[in-house]
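I opened the model today to look up two things.

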Amino acid sequence: MERRERADAARNRQAILRAAEELLRRHPPEQVSVERVAAAAGVGKGTVFHRFGSRTGLMLELMSERARELEQAFTEGPPPLGPGADPAERLVAFFAAVAELAARNGNLMSAIEHAMVTRKSHGEQPREANPIYLAWHRHVSGLIAEGRPDVDAEQIAHMLLGTLHMEPIASRLRAGEHERLAAAFADLVNGLLGVRGGGG
C-alpha cells in the first residue's frame with residue numbers, strides 16, 4: 001500500500017511539473033497560477049501546495065529539474081564544460097550553457113522572479129540561498145580562483161551570475177539571443193583570466 005502511495009505521489013509530481021512547463025510555454029508567467037497548474041495536471045490545488053509548498057516552490061523545483069542536467073555536465077561531463085579543460089575554457093562553456101538553458105526556459109526564469117517578487121511569505125529564502133544558485137556560484141568562483149588566485153573570486157562570481165537576472169539581459173534571453181550573451185560572457189571571462197581572443 002505504501003509503495004503504491006509513493007508511486008502515486010511520484011506520478012502526481014511529474015504530472016504537475018509537466019503541466020507547469022506546458023503552461024509556461026504557452027502563457028506569460030503571471031497567468032500560470034497554482035490553480036491553473038492543478039487543473040491541467042488533473043489534481044487538486046491542495047496536492048500542489050502539499051508537494052511544493054508554494055508557487056515559488058513549484059517553479060524552483062521545475063527549474064531544478066532543468067538545472068540538474070547542467071550540474072551533472074559541469075561536474076562529471078566531458079570538457080570543456082566538464083573537468084579536463086583550463087578554467088577560462090570551462091567558464092566560457094558554462095556561461096554559454098547557462099545562457100542557452102535560460103533562453104530555452106525564459107518564461108520559467110521569469111516565473112521564478114515573478115513568484116519571488118509577489119510571494120506572500122517573507123520567510124522564503126533569498127535567491128543566494130537557492131541550491132541551484134549555490135552550486136553555480138561554487139563552480140564559477142572555484143574556476144575564477146583557479147585561474148586568478150589574486151582576485152576576489154567569490155564576489156566576482158556573484159557579479160557575473162547576477163547579470164542573468166538584470167532585465168536587459170533577461171529580456172534578450174527571452175528573445176532567444178543566448179549566443180550573443182554567451183559571446184559577451186566569453187569576452188568578460190577571457191579578459192578576467194588574461195586569455196587573448198582567438199581573432200588576433
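**Entry 1, the model.** I am working from a predicted model, in which local features need pLDDT of at least 70, side-chain atom pairs count only at pLDDT 80 or more, and totals for chains, interfaces and linings use all residues. Residues are numbered from 1 along each chain as its sequence is written, and side-chain values use heavy atoms, with hydrogens and water left out.

I searched the whole structure and found twelve salt bridges (a side-chain nitrogen of Lys or Arg within 4 Å of a carboxyl oxygen of Asp or Glu).

Arg66 and Glu21 pair through their side chains at 2.6 Å, N to O. Arg66 sits in helix 4 (residues 55–76) and Glu21 in helix 1 (residues 2–26), so I noted a link between distant parts of the chain, 45 residues apart. I take helices as DSSP runs of H or I, at least four residues, numbered from the N terminus. Arg66 is partly exposed at 24% relative accessible area (buried is under 20%, exposed over 50%, partly exposed in between, with a 1.4 Å probe and protein chains only).

Glu22 and Arg25 form a salt bridge at 3.0 Å, N to O. They are three residues apart in helix 1, which means about one helical turn between them. Glu22 is partly exposed at 33%, whereas Arg25 is exposed at 57%.

I also noted a network of salt bridges that links Glu21, Glu22, Arg25, Arg26 and Arg66.

Lys45 and Glu35 meet at 3.4 Å, N to O, in another salt bridge. Lys45 belongs to helix 3 (residues 45–52) and Glu35 to helix 2 (residues 34–41), so this pair ties together parts ten residues apart in sequence. Lys45 is partly exposed at 40%, and Glu35 is partly exposed at 43%.

I looked up helix 5 (residues 87–104) against helix 7 (residues 131–147): the angle is about 155 degrees and the axes are 9 Å apart. Axes are lines fitted to C-alpha atoms over the stretch in contact, and angles run from 0 to 180 degrees between N-to-C directions. The two helices are therefore roughly antiparallel (over 145 degrees).

Contact (heavy atoms within 4.5 Å) involves residues including Phe94, Phe95 and Val98 of helix 5 and Trp136, His139 and Leu143 of helix 7. I sorted the contact residues into ten nonpolar, two polar and two charged. Here Ala, Val, Leu, Ile, Met, Phe, Trp, Tyr, Cys and Pro count as nonpolar, Asp, Glu, Lys and Arg as charged, and the others, Gly among them, as polar.

Terms used:
Parallel < 35°, antiparallel > 145°, perpendicular 65-115°, else oblique.
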